[in-house]
Amino acid sequence: RNLDQDGNAGVLFERMAQALLRCSLAQGTEAEQAAAANRRKLARYLLERAIPLVQECTESGEADLSHISTLLNMEMQLLNAQDATYRKQLGDDLGLGHLLK
């Protein structure tokens, strides 16, 4: 039925990714950080699915989802920052921090 192919799906994907991001900071024990990294991976997938759907919906004039586009960009930046923090902490834990810079 292609319910995952329109702006509504893009908004839903963004909301799901937002919930995952809120509980996926790169902090805590090694196991907690690994679990958070997996949640961030799923959040990234959802955001990558949402971006073109929201963009197409706005460009076609179906709905103005520019505020959602702004959120998507901000959330991708947050994901990148959290992933960089995780990689740095992982590298520091393994004594490889100098290789990840």
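Predicted model: local features only at pLDDT ≥ 70, side-chain atom pairs only at ≥ 80, totals over all residues.
## Overall make-up

The protein has 101 residues. Its secondary structure comes to 3 helices and 0 strands. Along the sequence, the pattern reads α-α-α.

Of the residues, 33% count as buried. The accessible surface comes to about 6,500 Å². Carbon and sulfur atoms account for 55% of that surface. Contacts also span the chain: among those between residues at least 6 apart in sequence, 67% join residues at least 24 apart.

## Helix 1 against helix 2

Helix 1 covers residues 7-22, and helix 2 covers residues 30-60. Their axes come within 7 Å. They cross at roughly 155°. Angles over 145 degrees count as roughly antiparallel, so helix 1 and helix 2 are roughly antiparallel to each other. Helix 1 passes helix 2 in a left-handed crossing.

Which residues make the contact? From helix 1 come Gly-7, Ala-9, Gly-10, Val-11, Phe-13, Glu-14, Met-16, Ala-17, Leu-20 and Leu-21. From helix 2 come Arg-39, Leu-42, Ala-43, Leu-46, Leu-47, Arg-49, Ala-50, Leu-53, Val-54 and Cys-57. By class, the contact has 15 nonpolar, 2 polar and 3 charged residues.

## Phe-13, a residue of helix 1

Phe-13 lies in helix 1 and takes part in the contact with helix 2. Is Phe-13 buried or exposed? Its relative accessibility is 10%. The cut-off for buried is under 20%, so Phe-13 counts as buried.

Leaving out residues up to four places away in sequence, Phe-13 touches Asp-4, Leu-46, Arg-49, Ala-50 and Leu-53. Among them, Leu-46, Arg-49, Ala-50 and Leu-53 are also listed on the helix 2 side of the helix contact. Phe-13 and Leu-46 are 33 residues apart in sequence. In space, their C-alpha atoms are 5.3 Å apart.

## Leu-79, a residue of helix 3

Helix 3 covers residues 66-94 and holds Leu-79. The relative accessibility of Leu-79 is 0%, so Leu-79 counts as buried.

What does Leu-79 contact, beyond its neighbours within four places in sequence? The partners are Leu-21, Arg-40, Ala-43, Arg-44 and Leu-47. Of these, Leu-21 belongs to the helix 1 side of the contact between helix 1 and helix 2. Ala-43 and Leu-47 belong to the helix 2 side.

Conventions: Residues numbered from 1 in each chain as written. Heavy atoms only, no water. Axes fitted to C-alpha atoms, helices over the stretch in contact; angles between N-to-C directions. Helix = DSSP H or I, 4+ residues; strand = E, 2+ residues; numbered from the N terminus. Parallel < 35°, antiparallel > 145°, perpendicular 65-115°, else oblique. Left-handed = near helix turned anticlockwise from the far one by under 90°. Contact = heavy atoms within 4.5 Å. Nonpolar A, V, L, I, M, F, W, Y, C, P; charged D, E, K, R; others polar. Buried < 20%, exposed > 50% of the residue type's maximum accessible area, 1.4 Å probe, protein only. Areas by Shrake-Rupley, 256 points an atom, 1.4 Å probe, with all protein chains shown as cover.
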